[in-house]
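Here are my notes on the model you sent.

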Amino acid sequence: MDAVIRAHAARVRAADPLVAGQDELPGAGGGPIEARDAVGRASVERIAPDSMRAAWSPLVPHRL
């Protein structure tokens, strides 16, 4: 988690302590994320800023 995300998480915790601990997605390291009736995987892709896809996509898309 980079410094920007850590700072945002600290502000969220200060505003509402009940959401503390929600900073990181469980399973983001590649393992499955399990819920009562579903299983999924988190992924992060990095798109080169000089590529054609960068014109219509975020540079770092996160998917579940």
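1. Of the 64 residues in the chain, 9% count as buried, meaning under 20% relative accessible area, with exposed over 50% and partly exposed in between (1.4 Å probe, protein chains only). This is a predicted model, in which local features need pLDDT of at least 70 and side-chain atom pairs count only at pLDDT 80 or more, while totals for chains, interfaces and linings use all residues. Residues are numbered from 1 along each chain as its sequence is written, and side-chain values use heavy atoms, with hydrogens and water left out.

2. Among contacts (heavy atoms within 4.5 Å) between residues at least 6 apart in sequence, 2% join residues at least 24 apart.

3. The chain has 1 helix and 4 strands, in the order α-β-β-β-β from the N terminus. Helices (H or I, at least four residues) and strands (E, at least two) are DSSP runs, numbered from the N terminus.

4. Strands E1 (residues 32-35) and E2 (residues 38-41) run antiparallel and are joined by 4 bridges; pairing requires that DSSP finds at least two bridges between two strands. A hairpin through 2 residues connects E1 to E2, and Ile33 stands opposite Gly40 in E2.

5. Val60 lies in the loop between strand E3 (43-44) and strand E4 (62-63). Val60 is partly exposed, its relative accessible area being 33%.
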